[in-house]
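Dear colleague,

My notes on it follow directly after.

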Amino acid sequence: MKIFHIVSNKEWGGGEQYVYDLSQRQRADGIDVGIFCKPVETIVQKYAETGMDVLPLALGGALDLKSAWQMARVIRNLRIRESEDQSVILHAHNFKDAFTACYARSLAGWKQVRVVMCRHLTRKGKNSWLYRWLYRHLDRLVFDSELSKSEFLSTHPAIDASKLGVVHTSIVVPKEVTPVDIRTRFGIPSDCVIGMYHGRLDPEKGLDTLLDAVALLQDPSFLKDTSHLSPLASHLLILVGRGSDEYTAHLKQAAADKGISDKVVFAGFVHPVLPYVAAADFGILASTVQEGCPLSPQEYMSQGHPVVVTNNGGQREYVIQEQNGLLVPPGDAQALAGAMARLIDDAPLRQRLGQQAKADFDDHLDYAHYYAQIKTVYGV
């Protein structure tokens, strides 16, 4: 089997890392893997350093016939070198690249080529004549969550349901993760309970609501109204990641305006992030938008930590209320503060939820489980 992944973003991000991890796992499985990507030096270099064939193309979308022709030429040359019965997979990760792949297969004239696509967004399906053509020519369309699939189907796109599937995305976890000593690094007392968010610093991640929740945790009237809580232990929020200079400055000013600058640490971008995750006590994802299969909650779960997440995305398919985490409505600072307060206040609860989170990750969310499912997508 020969698999070509098609990567058309201009910057290295989560999607590019997803392809990197998958391609390396496929190569370890004895599969020949190549990459079609934009001629962006950082992306080309990152993939090329693994020893894979990296083939830069413009990848301009549905109307870019030149890239399709160049891709078809690569496929025809492969056909000449290999036997007719070799399986070739063109694996696209968005619709615009799926168009290019389908054009390339037609131009190459090789029936052994299959085109599959993984959908990593929660969007309604389009039903124009151009997309109806694409749906007919795709061999498989796989979503990262049931939510993404149902949202796509809500507009009744004309696609054969037998082509559709769902595979929850996963993360590669090293055998050994050594926690960073973030308490020493940031001068945090040893008995302080640390909640952490990591990812892009972006408004859609609900970070303004998160700061509102932290402010509520300092409000005596809020704690009085939450009668099941004892006086909260010392606690701190760490934000790991980067965003625009403007939005980062907004968050820092908001923390100052709310009087919580001493309760919020802006740690910036770190890599790798799992040692920071391992050092936290619980994770937070307060997204206000519907994400298909956000991976940050899985990272906390893999390290035995519970999570507080909003209930509007695919995370609700693996974060189960009161079993391995706590779910709250998006944009609800009071609910978010209440859930955070429970984890800050109740160490046995953190331990119980964290142990189950780790067990659930190991049982049906880890990369081995994901890879076993994704292999069936290729249908060979």
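Phe36 has Leu55 of β3 as its bridge partner. This is a predicted model, in which local features need pLDDT of at least 70, side-chain atom pairs count only at pLDDT 80 or more, and totals for chains, interfaces and linings use all residues. Residues are numbered from 1 along each chain as its sequence is written, and side-chain values use heavy atoms, with hydrogens and water left out.

Strand β2 (residues 32-37) runs parallel to β3, and four bridges join the two. Strands (E, at least two residues) and helices (H or I, at least four) are DSSP runs numbered from the N terminus; two strands pair if DSSP finds at least two bridges between them.

Both strands belong to an open sheet of seven, paired in parallel in the order β3-β2-β1-β4-β5-β6-β7. Because β3 (53-56) and β7 (164-166) each have a single partner strand, they stand at the edges, and one side of each lacks a neighbour in the sheet. On average, neighbouring strands are turned by 25° against each other, direction ignored.

Helix α2 (residues 41-48) packs on this sheet and touches β1 (2-7), β2 and β3, contact meaning heavy atoms within 4.5 Å. The direction of α2 makes about 160° with that of β3; axes are lines fitted to C-alpha atoms, for helices over the stretch in contact, and angles between N-to-C directions run from 0 to 180 degrees.

Elsewhere, the axes of α13 (residues 333-345) and α14 (residues 347-365) come within 5 Å and cross at roughly 100°. Arg342, Leu343, Ile344 and Asp345 in α13 meet Ala347, Leu349, Arg350 and Leu353 in α14.

With kind regards
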